[in-house]
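Load the model in a viewer and keep the selection tool at hand.

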Amino acid sequence: EAGLLSIDDAVIAARSKAVDLWRGLGRREKVGENLRWLSRLHWYRGEGALAGRFADDAVRELEASGSGVELATAYSLRSQLDMLNDRMDEAVDWGRRAIDLAEKHGAAETRAHALNNVGTALLFSGRSGGRELLEESLATALANDLHEHAARAYTNLSEYAVVFKEFALAERTIAEGIAFDTRHDLDSWT
């Protein structure tokens, strides 16, 4: 996927340069935003350790800046990385922080992302409430035209349904997800 997204060394260098420039201007919220993007870029390149390091740096920077939505987004990224690495308790903790801040600041996109992380972590760790949160993430994404967040919710809900042999849910969710992805040209999600 990183190759399809053209995440080469020049892209990483540009974000790193942005960190340096914003740091020089004393704009911690912009430093944190670019550190968060570096985390995402390294994750897409398959560099999990670097992704985690940049996510932690982004959280520290944004906590110090007193930012709101940007910090919620960094918390949600940290939650996602933990969820993807089977650290479900940490994923839930970071995700709940993100949800609280996103709700406080009216950030529907960040809220949808964090609900997805927490819902998925709860589902795959056998805890209650996960499916409801994942369905709320999907509903929020659909209501706000957040196509990639909806695709991610369809994907995670489908994976859960297949793994846990809830075949009626799997069949319905996979069909709806593929139709949605096709309608919105989200080929990589399909």
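Start with Tyr75, Val118 and Ala121, which touch the most other members of the largest nonpolar core, a set of 22 residues. A nonpolar core here is a set of buried Ala, Val, Leu, Ile, Met, Phe, Trp, Tyr and Cys residues joined through side-chain atoms within 4.5 Å. Buried means under 20% relative accessible area, exposed over 50%, and partly exposed in between (1.4 Å probe, protein chains only). Next select α3 (48–65), α4 (69–84), α5 (88–105) and α6 (108–124), each of which supplies at least two residues of this core. The largest share, eight residues, comes from α5. Helices are DSSP runs (H or I, at least four residues), numbered from the N terminus.

The model is predicted: local features need pLDDT of at least 70, side-chain atom pairs count only at pLDDT 80 or more, and totals for chains, interfaces and linings use all residues. Residues are numbered from 1 along each chain as its sequence is written, and side-chain values use heavy atoms, with hydrogens and water left out.

Return to Tyr75 and display its contacts (heavy atoms within 4.5 Å). Leaving aside residues up to four places away in sequence, Tyr75 touches Val59, Glu63, Trp94, Arg97, Ala98 and Leu101. A second, separate core has 10 residues, among them Leu138, Ala141, Ala153 and Phe180.

Now select Arg36, in helix α2 (residues 28–44).

Move to the surface and pick Val162, Ile174 and Ile178, a nonpolar patch with about 220 Å² of accessible area together. Such a patch joins nonpolar side chains (Val, Leu, Ile, Met, Phe, Trp, Tyr) within 5 Å, from residues with over 30% relative accessible area and no salt bridge. Areas come from the Shrake-Rupley method with a 1.4 Å probe. Ile174 sits in helix α9 (residues 167–183) and is partly exposed at 34% relative accessible area.

Finish with two loops. Most residues other than glycine have a negative phi. Asp145, between α7 (130–143) and α8 (147–163), has a positive phi near 55° and is exposed at 58% relative accessibility. Lys165 lies in the loop between α8 and α9; its phi is positive, about 55°, and Lys165 is exposed, with a relative accessible area of 58%.

Note on methods
Patch = residues over 30% accessible without salt bridge, like charges linked within 9 Å, V, L, I, M, F, W, Y side chains within 5 Å. Salt bridge = Lys/Arg side-chain N within 4 Å of Asp/Glu carboxyl O.
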